[in-house]
Amino acid sequence: VDVAGVAPLSGGAQMAMRLRDDVVTDGDIAEKILANAPDREGRFFAVPKVVE
Amino acid sequence: MSALPELTIAAALDGLAEKRFSAVELTTAHSEAIAALDPQLNAFITQTPELALEMAKSADAARAAGNAGALNGIPLAIKDLFCTSGVRTTAASKILEPFIPPYESTVTAQLQAAGAVFLGKTNLDEFAMGSSNMTSAYGAVTNPWTRAGSNAKLVPGGSSGGSAAAVAARLALGATGTDTGGSIRQPAAFTGITGIKPTYGRCSRYGIVAFASSLDQAGPMARNVEDCAILLGAMSGFDPKDSTSAERAVPDFRAAAKRGVKGLRIGVPAEYRVEGMSAEIEALWTRGITWLKEQGAEIIDISLPHTKYGLPVYYIVAPAEASANLARYDGVRFGTRVDGEDLIDMYERTRAAGFGPEVKRRIMIGTYVLSAGYYDAYYLKAQKVRALILRDFEQAFAKVDALLTPTAPSAAFGLGEKMDDPVTMYLNDVFTVPASLAGVPAMSVPAGLDAQGLPLGLQVIGKHFDEETILAVGGALERAAGFTALPAIRAGGGATK
């Protein structure tokens, strides 16, 4: 296919990216987020040790 | 109460409004039908009859208080790709087996707000990657239809195969699906129901497990065009939580379905007459053209010259996006974890055990086409050809109001067929993928049976955000087709095997 001069199409949306105000919309839901954690320590996700 | 699952959504809404039955009775009839028939179909991954009963009681209470929403008391099935707060959401993958979302997807939240009742979460191809439902980690779905004189199990299509089978078998009045390259339209065609992939941006993607973010779109599946229009109205609308959600008013889709096609220009794309297409599909297409002509539409031959590049472009773009989206499944924050010797080993074991073969294949294709040495040759090139496919549609829609094509190149095939070569499976999407790449709306309407008694669908493709016209054309096809055939396995059908 000849694509010379064709701009790549990255998305299906027929619009420009929308920006929203830089404000907090939710938060303080650590327990909800951690409820699905395979392993946790306190309010943190736990993973195998990564530093020697 | 065996007749309740036979109702359309429109008729059920009337019955509820006239107090001929309650939401509890309607829901109970469906939960009983699921309990009786789902062992044969495997359309549901998770059934939630207790929750459904609670929702039905709330719906009845809301109606008694004069607060009945647009879908008050209507029992629906939800594809297990929509996050439902407090109800397990698996995406048909082992890697999400223990996942209970702490939040609700926007589409299901809107359906709930309209008063709908959720019967359970339906089966699908793993992460919606497939056209047969064979890739689900929770077992294949059986199509409620069978070939005349045969008990051979057939696939319901995919990826929204559980939703399609549930609606066709009268286990739900309607269902949600998602469509990335045909995942609503192809299973709708395979099961003799109606399904709409709306314009990209029409329904919020917030809370839908992501496969390919520039293509994924939620849509309704139901037993007729009007019911799909009713559901689409409740599912659509602007959502600030999805950056690609369109700030567009939601039109009266139900009224649009009744408009008729007089004076509409319908395009028939020459390139959809693909090599090896069965004579039956060809004949169905010709019949569809005649039906629209008879109802006053003008038929115009058009060309979508880049159609043949649709599948290759799709199978570069979709895996590329999937490989990025699925990087989040690492066993750290949610989902299944397989312990390892160190962090990297834990990631590798988790992903090796959690993903099925088709998902792994697409992640590998995706990482390959995005890798430094091949990005320009594959991914960037595919994005440029995608722009040409969109241009094809834009040029066509300068001349016509909608397009008519077949939905799929064949009727439903047998469980386990087409599994040897992934490319054979990918060919199922040849007619549905181009509309996905262009982001335009499209729907499948059941239009007839093949010689073996299996349903076949016609596809109507429309302009961006012009679902109203495809509903008008779909409605006209439906009236002309008079499709009344029923699947072998269905609630109230008495068929037991």
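User: How many residues does the contact take from chain A and from chain B?
Analyst: The model is a predicted one, and totals for interfaces use all residues. Two residues are in contact when heavy atoms lie within 4.5 Å. On that basis the contact takes 26 residues from chain A and 42 residues from chain B.

User: Which residues of chain A lose the most area to chain B?
Analyst: Chain A and chain B bury about 2,600 Å² between them, and 64% of that area is on carbon and sulfur atoms. On the side of chain A, three residues together account for 25% of what that side buries. They are Leu9(A), Arg18(A) and Asn36(A).

User: Which residues form a salt bridge across the interface of chain A and chain B?
Analyst: The rule finds 1 salt bridge across this interface.

User: How many nonpolar, polar and charged residues does the side of chain A that touches chain B have?
Analyst: Between chain A and chain B, 6 residue pairs are in polar contact, both residues being at pLDDT 80 or more. By class, the side of chain A that touches chain B has 17 nonpolar, 5 polar and 4 charged residues.

User: What percentage of the contacts in chain B with a separation of 6 or more comes from residues 24 or more positions apart?
Analyst: Of the 497 residues of chain B, 63% count as buried. Among the contacts in chain B with a separation of 6 or more, the share from residues 24 or more positions apart is 77%.

User: Is Glu282(B) buried, partly exposed or exposed?
Analyst: Glu282(B) lies in helix H9 of chain B, residues 279–294. Leaving aside residues up to four places away in sequence, Glu282(B) touches Arg273(B) and Met277(B). The C-alpha atoms of Glu282(B) and Pro409(B) are separated by 9.3 Å, although the two are 127 residues apart along the chain. Since its relative accessibility is 27%, Glu282(B) counts as partly exposed.

User: Are Asp179(B) and Arg185(B) buried or exposed?
Analyst: The side chains of Asp179(B) and Arg185(B) meet in a salt bridge, at 2.9 Å from N to O. Another pair, Arg20(B) and Glu18(B), also meets at 2.9 Å. There, Arg20(B) is exposed at 54% and Glu18(B) is exposed at 51%. Asp179(B) and Arg185(B), however, are both buried.

User: How many residues apart in sequence are the parts that Asp401(B) and Lys463(B) tie together?
Analyst: Asp401(B) forms a salt bridge with Lys463(B), the closest N and O atoms being 3.9 Å apart. Asp401(B) lies in the loop between helix H13 and strand S9 of chain B, and Lys463(B) in the loop between strand S11 and helix H16, so the pair ties together parts that are 62 residues apart in sequence.

User: Which residues are linked in a network of salt bridges?
Analyst: A search of the whole structure finds 16 salt bridges over all chains. One network of salt bridges links Glu226(B), Arg254(B) and Lys258(B).

Key:
Residues numbered from 1 in each chain as written. Chains lettered and ligands numbered in written order. Predicted model: local features only at pLDDT ≥ 70, side-chain atom pairs only at ≥ 80, totals over all residues. Heavy atoms only, no water. Buried area = accessible area lost by both parts, 1.4 Å probe. Salt bridge = Lys/Arg side-chain N within 4 Å of Asp/Glu carboxyl O. Polar contact = N/O pair within 3.5 Å; in protein donor to acceptor, adjacent residues only side chain to side chain. Nonpolar A, V, L, I, M, F, W, Y, C, P; charged D, E, K, R; others polar. Helix = DSSP H or I, 4+ residues; strand = E, 2+ residues; numbered from the N terminus. Buried < 20%, exposed > 50% of the residue type's maximum accessible area, 1.4 Å probe, protein only.
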